[in-house]
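Biologist: I've got a model open and I'd like to learn how to read it. Could you walk me through one residue and then the interface?

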Amino acid sequence: MATISFRSLMLFSAVLRLFLIIYGEWQDTHMEVRYTDVDYLVFSDAASLMALGKSPYERSTYRYSPLIAFLLIPNALIHRTWGKILFSVSDLLVGYFIRTILKLRGVPENLCTYSVMAWLLNPFTFTIGTRGNCEPIVCAMVLWIIICLMNGNLLHAAFWYGLIVHLRIYPIIYAFPIILTLDQSHFQSGKKPILTDWISSKIQSTNGSGSIKVTDPCHIWVSLKSMFTRGRILFGLISAAVFFFCTGFFFYLYAWEFLHEALLYHLTRTDPRHNFSIYFYHIYLHYEHEFALSEKLISFLPQVMVQLVLIWRFAQDLPFCFFLQTLAFVAFNKVITAQYFVWFFCLLPLVLPWTNMKLKWEGWACILFWIGAQSHWLMWGYLLEFNGKHVFMQLWMASLLFLAANTYVMVTFILRHTSSPVFKQLEHGHSNISTKID
Amino acid sequence: VGNLDDSNPSSSALHGVNEFITEAYFENHASLIDSDFQGFISKEIPPEFCEVLQDKLEPVPKLSISHRHLIGEGSHRRLSSSIRLEIQPGSKFTLPAHFCDAILVERLPSGVFADPFELQHLLQRGVFTGAAVFGDTNLELPSVRSNRSIVEIHMDIGPNILSGNNNGLEINLEVPLHARYAPLGENGFSRIEFSPPDLFTRCSFEGNSHKQSCIFLSTNTSFELKAGAVVWDVPCGIKKHTGIVSVVTFFSAIVSALLIVFTAFHYSDTTGCKNLKQM
């Protein structure tokens, strides 16, 4: 295969996105079906309200931080495509950050480029930003946090982490793996962390040094004390301070409307309308009466169980842990919309250099199973929503198949992954009293 | 209240002097009840009463529905109404700066809603001269958690009256509507019936000192007698599915979770001995 330079790839991706933004304007003007996402109209209206000094929450269905509306004020002042350009630039920034992360770990140039292509040339991703969805900004911030951690900039990482949890609550799932990674054996004051590079990760795996550490029960007290390291405390305090400052500031400006629409709505959201989640029909069938507490807890159990095990098993391999956690979070969520997919698509290129999965045919099996299950669901969804057919059962079964596809992808990636903790142990690090297990 | 004027300054500019008949109803009522609304109409808008026009002996344009049906399939359709405008033969309007609107007030049944932002888009394209949604404008809630709403549409008929050539005219009006998730049923479909709309004519003109307008209520007895109600069958969940769906949903979630957990526990670092991906 001919090699493509990263610069050419970025240039082509930028031109593609610019073309799609221009095309989107044409389609919106000349065709009944818009190219632009409905959410973009919501953002724009909220931004217009903000420009007039009003609350963005006067726009119904605006359920984001006021920061998003603030960023889009130029939509009202300059041109309505400002937001799409901003999101597409973030999209390109994600590609740049992916390359930065892979280069920090010594991944060869061609492998870097192909991994970046998995983001930049993914139809899901280049349509998301150009249609006016804000997720590329979130993805760019997640990757920037990883870069900060890899460079030992804990304060920066903590700041951006607090901000991103304020913007989009879901990154809270990364809290535990980040805290676990901030081990004194990896992070010491005045020393830059040492990264495990791509070549040596194979040697580490052979020696088993990438495996998890389990604390000897006789030394639990010492281990608990060692949890509270300077790095972990700083990270927790700063990110919490940023989160609460942003939340408190906007609560002061917009009161309960902000709290409800931007935070509480997402925490308690159960949507009976059809979506990719296996829970949608169950929620619809029970919508006329409240769920019992036991029912609510049971529905959380699979999600919590998977998250805890993935964190416990893969936290040291931070990008891989993030990828699996995000995929699992989306797959087991009570509501799944297509925009959530970019949350793990931006992390997929970070794990590709460490997978033993061949494109032929395991890779293709994952791709075709996942896309096929999604297309199958979309077919039934179309029959229900646009043809008015009674296909609730079929649509629900399609969502079960989609969960199966997500599970298959996760299991395959785990089985084919080369363990690669991001950070090496520093000299004169934290004394290791734990026992390794294979 | 989903008055478009409040949310979009540009639409206010389009019809800054428009007054919506329905707005006053929701100032005194929390929800839409047909009998209350009929009482409101009969109190606020006496039929064919207008001092100024009576003084001038101007004929009152009469509106009636000649045809009504739903266009499209699925959850997103358009309620099409053909409005017939009748003027007495040989009559002419002589008042200067005459401007008349046909006003269609659709009292939407439970389970159907109009999107104020979609109507705003149509307004900006000049399809209507005025449009507003009143009542429950929440776009997301299912029927069991939502209330009814009213859509009021204004269409310009003034130039057609002034032409003086027609003694009958038809205006076609399509209102985009969306179905909410219906209450659970036994047979899989929930039937929604539309009652006939309320039709008004409003004519505005320059008076001696200020702008005046008159509103006339039209009756639709001929349409109601001739045609049956417009119906919309919306797919709904079936109650007897509840048990099996809940059990299989949770079982599938648990099985998938256990598969992932099992794989993670038994993940072997020795897979690192295999060749790294060659690309």
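Modeller: Gly83(A) sits in helix α5 of chain A, residues 82–104; helices here are DSSP runs of H or I, at least four residues, numbered from the N terminus. This is a predicted model, so local features need pLDDT of at least 70 and side-chain atom pairs 80 or more, while totals for chains, interfaces and linings use all residues. Residues are numbered from 1 along each chain as written, chains are lettered from A in the order written, and side-chain values use heavy atoms, without hydrogens and water.

Biologist: Is Gly83(A) buried or exposed?

Modeller: Buried means under 20% relative accessible area (1.4 Å probe, protein chains only). Gly83(A) is at 0%, so it counts as buried.

Biologist: And which residues is Gly83(A) in contact with, beyond four places in sequence?

Modeller: Contact means heavy atoms within 4.5 Å. For Gly83(A), that gives Tyr40(A), Leu72(A) and Asn75(A).

Biologist: How do I read the interface?

Modeller: Interface size is often given as the accessible area lost when the parts come together. The sum covers both parts, with a 1.4 Å probe. Chains B and A bury about 5,900 Å² between them, 65% of it on carbon and sulfur atoms. The contact takes 55 residues from chain B and 73 residues from chain A.

Biologist: How many salt bridges are there between chain B and chain A?

Modeller: The rule wants a side-chain nitrogen of Lys or Arg within 4 Å of a carboxyl oxygen of Asp or Glu. The count is 2, including Glu140(B) with Arg273(A) at 3.9 Å, N to O. On the side of chain B that touches chain A, α9(B) gives the most, with 19 residues.

Note on methods. Helices (H or I, at least four residues) and strands (E, at least two) are DSSP runs, numbered from the N terminus. Buried means under 20% relative accessible area, exposed over 50%, partly exposed in between (1.4 Å probe, protein chains only). Buried area is the accessible area (1.4 Å probe) that two parts lose on being put together, summed over both.
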